[in-house]
Amino acid sequence: MGMKSLNDAISKIIDYKFTNYAILEEALTHPSVNKRNSKNQIVSYERLEFLGDSVLNMVVSAILFKLFPEEKEGALAKRKTDLVCGNTIANVAKEIKLGGFIIMNNSERCNGGRCNLKNLENSLEALIGAIYIDGGLENVEKFITQYWEKLAKGMLDPPQDPKTSLQEWTQKNKLPLPEYELVKQTGPAHNPEFTISVCIEDYGKVSACASSKKIAEQKAAELMLEKIGKDASV
């Protein structure tokens, strides 16, 4: 599929048509393609992902600020953490069927790259960054609001993530704070897997694996809460 056809197809889903095909191509190019520009630099969605992450955080913060005028900063922060976490971003990417548009090599595709949650998260953040560069703040706000505002409105109460719950439990029980440690990192640079352990005094250590350190830490905290007989609503 040529870039014009790709632009036409994706614009029907996201309600935004790019004027700069190159920035769209960059946003959808997985690192496995190993594409290089005239300066022999690898072209992939990673730089735009960095930008899109910041743009998403800013716009979601503004959405929450308007929706919950009575809430304090701590409660808003909990809502934002849940709304911009990897799983939420990947779920939005699934909703717009972004996986089918990602440009990747045969090996990555055959290994389920179009359904890989980390690929979906990264490519959607890159797409957000690309919309910001190509169309400015107004257009990227429109896109983000279309999908994230309904998620924010669906939150009756600020969510409590496992790491926060575990930290509060240790403080309540006058124990040292949880200690997280990177046990190992495996896999290629564009699709790594991290194993993180968490240790609580008197309760030992548990480990969990995920495609990002942040998610692995949350999973490890959740396992520790189960081990000590608590749940994430502590």
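Helices (H or I, at least four residues) and strands (E, at least two) are DSSP runs, numbered from the N terminus. The structure is a predicted model, in which local features need pLDDT of at least 70 and side-chain atom pairs count only at pLDDT 80 or more, while totals for chains, interfaces and linings use all residues. Residues are numbered from 1 along each chain as its sequence is written, and side-chain values use heavy atoms, with hydrogens and water left out.

The protein divides into domain 1 (3-154) and domain 2 (162-232), with bounds from an automatic or database domain assignment. Taken over C-alpha atoms, the centres of domain 1 and domain 2 are 27 Å apart. Eight residues of domain 1 and six residues of domain 2 take part in the contact (heavy atoms within 4.5 Å). The area buried between the two domains is about 610 Å², with carbon and sulfur atoms giving 51%; buried area is the accessible area (1.4 Å probe) that two parts lose on being put together, summed over both. On the domain 1 side, Lys 78, Glu 108 and Lys 118 lose the most area to domain 2, together 45% of what that side buries. Zero salt bridges are found across this interface (a side-chain nitrogen of Lys or Arg within 4 Å of a carboxyl oxygen of Asp or Glu).

Grid points are joined across faces, edges and corners, and a volume is the space filled by probe spheres set on the points.

The largest pocket holds about 680 Å³. Among its 28 lining residues, Thr 81, Cys 85, Gly 86, Lys 214 and Ile 215 are the closest to its centre. Helix 9 supplies the largest share of this lining, five residues. Both domain 1 and domain 2 give residues to the lining, so the largest pocket lies between them.

One cavity of 30 Å³ or more is present, and the largest cavity holds about 40 Å³. Its lining consists of Ile 14, Asp 15, Tyr 16, Asn 139, Lys 142, Phe 143 and Gln 146. Helix 7 (residues 117-153) gives the most to this lining, with four residues.

Technical notes: 1 Å grid on protein atoms, 1.4 Å probe; cavity = no way out; pocket = protein on both sides within 12 Å on 5 of 7 lines; lining within 4 Å.
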